[in-house]
Each structure stands twice: as C-alpha cells, then as structure tokens.
Amino acid sequence: MKKITIVCLAVLIGLSSAGLCQAAEGEILLTFEGAAVDALTLEEFLSLPQMTVKLTRTNSRGKTTTGHYTGVHWKVLAEAIGVQGARSVQAIASDGFEQVYPLEVLEAEDSVFALYKDGQPITEEEGNGKVWFCASEAYTANFWTKFIVKIVIR
C-alpha cells in the first residue's frame with residue numbers, strides 16, 4: 001500500500017511540475033517599445049542563439065564577483081525583434097530603475113542580456129524581471145542592469 005501511495009504521489013508531483021514548466025514557457029519575459037515585436041516569451045528568448053561569457057565586475061560596495069553569464073547578444077536580440085537603426089536602448093527594470101545604453105556598450109563582443117549565471121537562473125524571485133544586462137568588462141559595473149522587463153528602442 002505504501003508503494004502505491006508513493007508512486008501516486010510521485011506521478012502527481014511530476015504532473016504538477018510539468019504544468020508549472022509549461023506555464024513558465026508562455027510567460028512574457030520582455031516587452032519592447034519601438035520594435036516590430038511587442039514582447040518575447042521565455043521560450044522565444046531561449047530559442048535564440050545563446051552565448052556564454054566570463055565576466056568579472058566590482059559593484060558600488062567594492063565587492064568583486066566573477067561568473068559565466070549565458071544569454072543573448074544585442075545584435076541577435078535586435079534582429080529577432082525587428083530593430084534597425086537604433087541609436088541607443090533604454091532598459092527598464094521591474095523595480096523602476098532605468099538605464100540608457102549607447103550602441104557601443106550593447107554591441108561589445110562580450111556584453112549579453114543574460115538569464116543564467118554559472119548555469120543557474122540569474123533571478124528567481126517572483127515579480128522581478130529575469131533578464132540582466134551584463135556589460136563587457138571594458139565597461140564598469142555601472143553599465144549593468146538587473147531585473148529588466150522592458151526595452152525601449154531610441
């Protein structure tokens with residue numbers, strides 16, 4: 001009897017988890033203003049060519065961290081959302097923070113709109129944006145933005 005209960009419980013948990021994963025795939029990850037596409041889901045973002053870069057940054061408190069960040073380069077994202085002739089991009093975070101980036105920062109070889117750090121989701125807190133813009137090491141940590149939910153093309 002215990003085996004049947006354990007098997008039934010395992011099946012129920014598996015089905016529940018599958019439903020949660022399915023819901024996450026349809027979740028809107030980013031919205032856009034000034035692009036041909038209004039939004040990208042998590043699944044659409046993950047279907048784009050991904051890149052992994054090793055970056056070290058020192059935050060405003062002097063803490064230095066190094067990690068392998070995986071996500072999408074601006075040129076790939078711009079093509080996917082139908083952006084041509086942008087002069088700059090404004091990233092808006094779920095906490096209201098806003099940062100405007102010139103193209104030279106976005107197009108740096110190792111700048112990335114990342115979902116993962118060291119193979120793990122970079123942000124898991126409910127209600128926060130899941131994308132971080134991780135600027136090339138050629139730029140300071142001031143060029144990083146966490147929890148991005150919207151990108152405005154200028």
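Predicted model: local features only at pLDDT ≥ 70, side-chain atom pairs only at ≥ 80, totals over all residues.
## The second largest pocket

The second largest pocket has a volume of about 260 Å³. Of the 11 residues in its lining, Glu27, Leu42, Pro121, Thr123 and Lys130 are the closest to the centre of this pocket.

Two elements of secondary structure may be named here: helix H2 (42-47) and E7 each contribute at least two residues to the lining of the second largest pocket. Sorted by class, the lining comprises six nonpolar residues, one polar residue and four charged residues.

## The largest pocket

The largest pocket has a volume of about 350 Å³. Its lining includes Arg57, Asn59, Ser60, Arg61, Asp95 and Phe97. Also among the lining residues of the largest pocket are Ala141, Asn142, Trp144, Thr145, Lys146 and Phe147.

Which element gives the most to this lining? Strand E10 does, with three residues. The classes are represented by four nonpolar, four polar and four charged residues in the lining of the largest pocket.

Most residues other than glycine have a negative phi. Phe147, although it is not a glycine, has a positive phi, near 65 degrees. This residue belongs to strand E10, which covers residues 145-153, and it is also part of the lining of the largest pocket. Is Phe147 buried or exposed? Its relative accessible area is 16%, and because buried means under 20%, Phe147 is counted as buried.

Asp118 is another residue other than glycine with a positive phi, in this case near 55 degrees. Asp118 lies in a loop, between strand E7 (112-117) and strand E8 (120-121). The relative accessibility of Asp118 is 43%, so Asp118 counts as partly exposed; this class lies between the limits of 20% and 50%.

Helix H3 spans residues 74-81, and its buried residues are Trp74, Leu77, Ala78 and Ile81. Where do these buried residues fall when H3 is seen down its axis? They lie within an arc of 100 degrees, and therefore they line one face of the helix.

The other side of H3 carries Lys75 and Glu79, both of which are exposed. Just after the helix comes Gly82, with a positive phi of about 75 degrees.

Technical notes
Residues numbered from 1 in each chain as written. Heavy atoms only, no water. Helix = DSSP H or I, 4+ residues; strand = E, 2+ residues; numbered from the N terminus. Buried < 20%, exposed > 50% of the residue type's maximum accessible area, 1.4 Å probe, protein only. 1 Å grid on protein atoms, 1.4 Å probe; cavity = no way out; pocket = protein on both sides within 12 Å on 5 of 7 lines; lining within 4 Å. Points joined across faces, edges and corners; volume = space filled by probe spheres on them. Nonpolar A, V, L, I, M, F, W, Y, C, P; charged D, E, K, R; others polar. Arc of directions from axis to C-beta.
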